[in-house]
Amino acid sequence: YNTLGKPQLASKYAARVETFRRKNPYLLYARAEQAYANADYERTQKLLRSAIKRHSKEHRFYRLQGLAWLKLSEPDKARKSFSKAAEVATETEYSAIYERKLKMLAQMDR
């Protein structure tokens, strides 16, 4: 719309796109992955809380949350996240992976 000389419409639609982007759980997850890669684990948690609030049945969100809790030295919270990941994972392969993570955490407690 800008190239058509309609800047008001361009602004209107740009604002709508930005609103959608802020609410998109997968975009929030992608940003959380970036924060994790940058060792910003608090931001990772904040972004994942928002993503989970919008879509609570995605095991990858809980997996990354668990990994971030481990980096923040919170093994009990990590355990809860991995348990939730196993619970919502629809594929047996993923459930088995999370079960192995939980077993490793249990061994750390000994």
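Which residues form one aromatic cluster here?

Mentor: Tyr26, Tyr29 and Phe61 do. Before going on, keep in mind that this is a predicted model, in which local features need pLDDT of at least 70 and side-chain atom pairs count only at pLDDT 80 or more, while totals for chains, interfaces and linings use all residues. Residues are numbered from 1 along each chain as its sequence is written, and side-chain values use heavy atoms, with hydrogens and water left out.

Rings of Phe, Tyr and Trp (its six-membered ring) pair if their centres lie within 6.5 Å; planes under 30 degrees apart are stacked, over 60 edge-to-face, and the rest tilted. That rule gives four aromatic pairs. Take tyrosine 1 with tyrosine 13: the ring centres are 5.6 Å apart and the planes sit at 15 degrees, so this pair is stacked. Tyrosine 1 belongs to the segment before H1 and tyrosine 13 to helix H1, so the pair ties together parts that are twelve residues apart in sequence. (Helices are DSSP runs of H or I, at least four residues, numbered from the N terminus.)

Patch members have over 30% relative accessible area and no salt bridge, with nonpolar side chains joined within 5 Å and like charges within 9 Å; the areas are Shrake-Rupley values.

Helix H1 spans residues 7-23 and also holds alanine 15, which is partly exposed at 43% relative accessibility. From there to arginine 54 is 39 residues in sequence and 20 Å in space, C-alpha to C-alpha. Arginine 54 sits in helix H3 and is partly exposed at 41%.

Arg54 also takes you to a charged patch: it forms a positive one with Lys23, Arg43, Lys46, Arg49, Lys53, Lys77 and Lys80 (Lys and Arg count as positive, placed at NZ and CZ). Helix H3 (41-54) and helix H5 (75-88) each supply at least two of its residues, and H3 gives the most, with five.

As for salt bridges (a Lys or Arg side-chain nitrogen within 4 Å of an Asp or Glu carboxyl oxygen), the count is three. Arginine 60 meets glutamate 58 at 3.0 Å, N to O; arginine 60 is partly exposed at 33%, whereas glutamate 58 is buried at 10%. Arginine 79 meets aspartate 76 at 2.7 Å, and this pair is three residues apart in helix H5, about one helical turn. Lysine 84 and glutamate 87 have their closest N and O atoms 3.2 Å apart, and they too lie three residues apart in helix H5. Lysine 84 is partly exposed at 26%, while glutamate 87 is exposed at 55%.

Last, a couple of loop spots for your backbone checks. Alanine 39, in the loop between helix H2 (25-37) and H3, has phi near 60 degrees, a positive value in a residue other than glycine. Serine 73, in the loop between helix H4 (59-71) and H5, has a positive phi too, near 55 degrees. Alanine 39 is partly exposed at 47%, and serine 73 is exposed at 59%.

Notes:
Buried < 20%, exposed > 50% of the residue type's maximum accessible area, 1.4 Å probe, protein only. Areas by Shrake-Rupley, 256 points an atom, 1.4 Å probe, with all protein chains shown as cover.
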